[in-house]
Amino acid sequence: MAKKVMGQLKLQVSAGSATPSPPIGPALGQRGINIMEFCKAFNAQTQEMEKGSPVPVVITYFQDKSFTFQMKTPPVSYFLKKAANLKSGSKEPGKVVAGSVTRDQVRDIAEKKLKDLNANDVEAAMLMVEGSARSMGLTVEG
């Protein structure tokens, strides 16, 4: 018989550095999920990734206190800031330009994010990434 799903929890955790401290510990603890077991499993799966990159995680927890989790790729804004060598986007997008990215960089980001985006092909994903870039105050060149 299948386990009864109690709910889902969405968190954004830094790759390779999940710890039982806030915000992870309290979010998992109040749902009865074994915090250390999650931290060890998450860190083991993200050790190949760039340390510190934000990884969205969807945790499905069951009535018997067990859980499964699915990792997604880091947000588009993370990749855009990294490509443009920025700490943050523009404070006034549309008025103040924070930086620029090339069309090749946009294509690379779109290919990395394709499985998590609501797009059928790389071209549609590129349009989504370009829209995110504009909302951050970046220009797309080339």
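Start by selecting lysine 113, which sits in helix H4 (helices, H or I, of at least four residues and strands, E, of at least two are DSSP runs, numbered from the N terminus). Is lysine 113 buried or exposed? At 8% relative accessibility, lysine 113 counts as buried; here buried means under 20% relative accessible area, exposed over 50%, and partly exposed in between, with a 1.4 Å probe and protein chains only. Now show what surrounds lysine 113: setting aside neighbours within four places in sequence, it is in contact with Thr73, Pro74, Pro75, Val76 and Phe79, where contact means heavy atoms within 4.5 Å.

Before moving on, a word about what is on screen. This is a predicted model, in which local features need pLDDT of at least 70 and side-chain atom pairs count only at pLDDT 80 or more, while totals for chains, interfaces and linings use all residues. Residues are numbered from 1 along each chain as its sequence is written, and side-chain values use heavy atoms, leaving out hydrogens and water.

**Zoom out**

Colour the chain by secondary structure and you will find 5 helices and 5 strands. Following the sequence, they come in the pattern β-α-α-β-β-α-β-α-α-β. The C-alpha trace spans about 55 × 30 × 25 Å along its principal axes. Of the 142 residues, 37% count as buried. Among contacts with a separation of 6 or more, 61% join residues 24 or more positions apart.

**The largest core**

Next, select Leu28, Phe38, Phe42, Val57 and Ile59. Of the 18 residues in the largest nonpolar core, these touch the most other members. A nonpolar core is a set of buried Ala, Val, Leu, Ile, Met, Phe, Trp, Tyr and Cys residues joined through side-chain atoms within 4.5 Å. The elements giving two or more residues to this core are strand S1 (5-14), helix H1 (24-29), helix H2 (35-46), strand S2 (54-62) and strand S3 (67-71). Which of them gives the most? S2 does, with 4 residues. Apart from this core lies another, of 17 residues, including Val76, Val122, Val129 and Leu138. In soluble globular proteins, nonpolar side chains tend to be buried together.

Go back to valine 57 and show its surroundings. Not counting residues up to four places away in sequence, valine 57 touches Leu9, Lys10, Leu11, Val13, Phe38, Phe42, Phe69, Gln70 and Met71.

Threonine 46 is in helix H2 and is buried, with a relative accessible area of 1%. Its side chain reaches the backbone oxygen of phenylalanine 42 at 2.9 Å. Beyond its neighbours within four places in sequence, threonine 46 is in contact with Ala15, Gly16 and Met71.

Now jump to serine 90, in the loop between helix H3 (76-83) and strand S4 (99-102). Serine 90 counts as buried too, at 13% relative accessibility. Its side chain reaches the backbone nitrogen of glutamate 92 at 3.1 Å. With residues up to four places away left out, serine 90 touches Val96, Ala98, Met136 and Gly137.

**Helix H3 and what covers it**

Select H3 and look for Val76, Tyr78, Phe79 and Leu80, which are buried. What covers the buried residues of H3? The cover includes S2, S4, helix H4 (103-113), helix H5 (122-135) and strand S5 (138-141).

**Backbone stops**

Most residues other than glycine have a negative phi, and most peptide bonds are trans. Just after H3, asparagine 85 takes a positive phi of about 55°. Asparagine 85 lies in the loop between H3 and S4 and counts as exposed, at 69% relative accessibility.

Lysine 65 is another stop: its phi is near 70°, a positive value in a residue other than glycine. Look for lysine 65 in the loop between S2 and S3, where it counts as exposed at 53% relative accessibility.

Finish at proline 23, in the loop between S1 and H1. The peptide bond leading from proline 22 to proline 23 is cis, with omega near 5°.

Definitions and conventions. A polar contact is a pair of N or O atoms within 3.5 Å; within protein, one must be able to donate a hydrogen and the other to accept it, and residues adjacent in sequence count only if both atoms are side-chain atoms.
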